[in-house]
Amino acid sequence: MLLRHLLYFERIGFKLVFRRLKTMNRKKLYPWYFAAGAALVYFLLCFLPGILGIGYSFTDWNNFTNEVNFVGLDNYKQIFEGNSEYVKYIINTVVFTIVTTVAKTVVGLALALLLTQKFIKCKNFQRMIIFSPQVMSYLVVGLVFKSMLHPTTGFLNNFLRSIGLDGLAKNWLTDLQLVFPTVMAVDTWKGMGYIMVVVIAGLLSISPEYYEAASIDGATFFQKLRCITLPLLKPVLVNVTVLNVTYGLRVFDMIYSLTNGGPGNATGVINTAVYKEFSKGNLAMGTTLSSVLFFVMLALLYFIIKSMENKEVEA
């Protein structure tokens, strides 16, 4: 008798649940229930602090007084003055973003094309080796290369001297002409494996029938690349470009671990400047620089997405 009652209440419960789900489905309410928790967390931890940060950029907020006074655009004027060091940080950030984005995309695409060819042996092993730096943290990579590129005890200079190429041994991280290209090269080395894997996934999704038809028509490798591969990879290339740009504009770990923005301000970027301003207690200037970074990122991403907007490729 007890079991019969339990089964009866279980059936009633299931009916109520299914009836509730049907009502929610009819009213299209269930997606909002699922997304509400994550949206609330995002609002409280990301969106709201961002809005407050933009608001504080118009004040003189600092660690030395409890008073917060409205100063209008004074902080922004200080950043964009002609002889301001902050302009150097902004220029370095944009240059770093453009160079590393292009380098990672070109090298990653070349490696992906190479490691999807039939004549290459042990392709999976080689992909793993090239991708492996992506698994390591930027701090670890920065510290390892800082040791390797040391002018007197570093592995690279000692190797060059041992094979008689003393002239190529340089002060990689202290020479003003070499330090920024060196940092960008290290960052490209670390990030190219990830781009390679994403592009390989895109290449493997392209039907081989396109290449077979092109081969029958006598198309060369570069003609196939220009007319088939690149157009069909356009959505993938847009995605990796957006990822590279957002990372490049927010770069901090790699530069901080390699050079700490030095020598002088040669490798300083916006986020290293933000770190220094917050360290000095100048909170308003730190939030102002963060706001400038946000607006620069917004403008660049809008330009990239519009200029590389995907067009349908008819099969």
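Trainee: Why does Trp-189 count as partly exposed?

Mentor: This is a predicted model, and Trp-189 has 33% relative accessibility. Buried means under 20% and exposed means over 50%. The value for Trp-189 falls in between, so Trp-189 is partly exposed.

Trainee: What makes Phe-145 buried or exposed?

Mentor: Phe-145 has 15% relative accessibility. The cut-off for buried is under 20%. Therefore Phe-145 counts as buried.

Trainee: Why is the pair of Phe-145 and Trp-189 called edge-to-face?

Mentor: First, the ring centres are 5.1 Å apart, and a pair needs centres within 6.5 Å. Next, the planes stand at 65°. Over 60 degrees counts as edge-to-face, so that is the label for Phe-145 and Trp-189.

Trainee: What does this pair tie together?

Mentor: Phe-145 lies in helix α6 and Trp-189 in helix α8, so the pair links parts 44 residues apart in sequence.

Trainee: How do you know that Phe-221 and Phe-222 are edge-to-face?

Mentor: Their centres are 5.4 Å apart and their planes are at 80°. The angle passes the cut-off of over 60 degrees, so this pair is edge-to-face.

Trainee: Is Phe-222 buried or exposed?

Mentor: Phe-222 has 62% relative accessibility. Exposed means over 50%, so Phe-222 counts as exposed. Phe-221, at 42%, counts as partly exposed.

Trainee: What makes Lys-190 sit over the ring of Tyr-138?

Mentor: The charged end of Lys-190 is 4.1 Å from the ring centre of Tyr-138. The distance limit is within 6 Å, and there is an angle limit too. Lys-190 is listed as sitting over that ring.

Terms used: Residues are numbered from 1 along each chain as its sequence is written. This is a predicted model: local features need pLDDT of at least 70, side-chain atom pairs count only at pLDDT 80 or more; totals for chains, interfaces and linings use all residues. Side-chain values use heavy atoms; hydrogens and water are left out. Rings of Phe, Tyr and Trp (its six-membered ring) pair if their centres lie within 6.5 Å; planes under 30 degrees apart count as stacked, over 60 as edge-to-face and the rest as tilted. Helices (H or I, at least four residues) and strands (E, at least two) are DSSP runs, numbered from the N terminus. Buried means under 20% relative accessible area, exposed over 50%, partly exposed in between (1.4 Å probe, protein chains only). A charge sits over a ring if NZ of Lys or CZ of Arg is within 6 Å of the ring centre and within 35 degrees of the ring normal.
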